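Open the model in your viewer and keep the selection tool ready. We will go stop by stop.

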Amino acid sequence: MTLSPIYQEAEQSLETVADFIRFAATQFHQSDLYFGHGTDNAWDEAVAIVLQMLDLPQDYPQGMLTAKLLADEKKHLVHAIFERVEHRKPLAYITNKAYFCGLEFYIDERVLVPRSPIAELIENDFYPWLEADNPRILDLCCGSGCIGLAIAAYIEDAEVVLSDISEDAITVADINNERLGLYPKAQTAISDLFESLTDDQFDLIVSNPPYVDSEDLSDMPAEYQHEPEIGLGSGEDGLDITRRILEQAADHLTEQGCLIVEVGNSWPALEEAFPDVPFTWIEFEKGGDGVFLLTRQQLVEHFS
């Protein structure tokens with residue numbers, strides 16, 4: 001990889017943690033990057049890339065920002081900043097780290113970068129919808145495993161199954177399961193939706209499936225082109241997979257069970273497609289929308 005002169009000069013001239021944060025922030029500001037994978041501005045992205053590449057904590061003391069870096073550390077930082085700017089690669093694919101519900105996850109280009117308002121529901125134990133003791137919970141279309149593993153970490157008595165059609169995604173989820181020490185409380189399965197979960201029933205099914213419609217998929221910023229398309233697109237209106245979930249979920253829920261699904265910007269299309277279905281659209285204090293809830297009874301009534 002040939003670095004442009006400004007990056008070569010940075011590697012030679014910059015010395016401290018603060019120097020590299022400042023340099024990264026300037027490059028990010030000047031490069032019209034899109035921030036949608038963990039931060040929402042150039043400064044926070046600069047702080048994140050420098051601290052993560054140096055394996056330093058998010059609450060790294062300000063008094064230590066003047067710490068000088070070794071030659072190899074400077075080289076790695078310059079290359080990381082270059083990758084973010086020149087190739088528009090998301091931060092998580094550069095550092096192989098992402099944070100969800102306060103947990104650190106291993107991430108690479110086999111899976112989407114974790115981002116979901118469902119984190120707020122996990123932190124609140126899915127109150128008031130999850131009432132079962134020792135609940136069985138399914139993370140359907142689990143990707144990296146961030147939702148299901150966070151559930152296993154937060155809900156003490158839960159048994160969690162994480163499933164995905166992608167063997168690559170399950171490999172990453174298994175890495176995270178091992179790192180977080182949640183096996184056998186959390187276990188993975190390769191399955192095309194419910195195909196391999198034939199007789200399983202759950203008190204809660206949570207899913208963040210692909211839901212980007214064809215128009216939005218073609219218009220997405222360059223950063224999203226690094227993510228696996230199988231995890232993003234879902235037909236013309238973004239609802240191909242969601243329709244299948246709605247048709248099959250009731251058979252895999254207990255009597256008092258419920259289904260929670262994120263459909264993002266495709267929520268208007270979902271309401272238009274099913275105008276008689278009483279979707280409960282969940283409101284989030286920390287921001288986010290496009291997440292609905294249906295009970296098993298409602299699923300049976302409208303989709304069986």
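Where does Asn 134 lie? Select Asn 134: it lies in the loop between helix 6 and strand 3. Helices (H or I, at least four residues) and strands (E, at least two) are DSSP runs, numbered from the N terminus.

Before moving on, note that this is a predicted model, where local features need pLDDT of at least 70, side-chain atom pairs count only at pLDDT 80 or more, and totals for chains, interfaces and linings use all residues. Residues are numbered from 1 along each chain as its sequence is written, and side-chain values use heavy atoms, with hydrogens and water left out.

**Stop 1: the loop**

Stay on Asn 134. Its phi is positive, about 45°, although Asn 134 is not a glycine. Asn 134 is exposed, with a relative accessible area of 53%. (Exposed means over 50% relative accessible area, buried under 20%, partly exposed in between, with a 1.4 Å probe and protein chains only.)

Now select Phe 126, found in the loop between helix 6 and strand 3. Phe 126 also has a positive phi, about 55°, and is not a glycine. Phe 126 is buried, at a relative accessible area of 1%. Most residues other than glycine have a negative phi, and most peptide bonds are trans.

Next, select Tyr 127 and Pro 128. A cis peptide bond joins Tyr 127 to Pro 128, with omega about 5°. Then jump to Tyr 183 and Pro 184. The bond between Tyr 183 and Pro 184 is cis, with omega near 10°. Pro 184 sits in the loop between helix 8 and strand 5.

**Stop 2**

Seven of them form an open sheet in the order 5-4-3-6-7-9-8, with mixed pairing. (Two strands pair if DSSP finds at least two bridges between them.) Strand 5 (186–190) and strand 8 (280–281) are the edge strands, and each pairs on one side only.

Select 202–207 and 253–262. These are strand 6 and strand 7, paired in the parallel sense over five bridges. Ser 207 stands opposite Val 261 in strand 7.

Helix 8 lies across strand 4 (159–164) and strand 5, at about 170° to strand 5. (Axes are lines fitted to C-alpha atoms, for helices over the stretch in contact; angles run from 0 to 180 degrees between N-to-C directions. Contact means heavy atoms within 4.5 Å.) Helix 12 (residues 296–303) lies across strand 7 and strand 9 (291–295), at about 85° to strand 9.

**Stop 2: a hairpin and its cysteine**

Select 97–100 and 103–106. Strand 1 and strand 2 run antiparallel, joined by four bridges. The hairpin has two residues between the strands, and Cys 101 takes a positive phi near 55° there.

**Stop 3: two domains**

(Domain bounds come from an automatic or database domain assignment.) The contact takes 11 residues from domain 1 and 11 residues from domain 2. About 930 Å² is buried between domain 1 and domain 2, and carbon and sulfur atoms give 63% of that area. (Buried area is the accessible area, with a 1.4 Å probe, that two parts lose on being put together, summed over both.) Finish on Tyr 34, His 37 and Tyr 93: in domain 1 they lose the most area to domain 2, together 62% of what that side buries.
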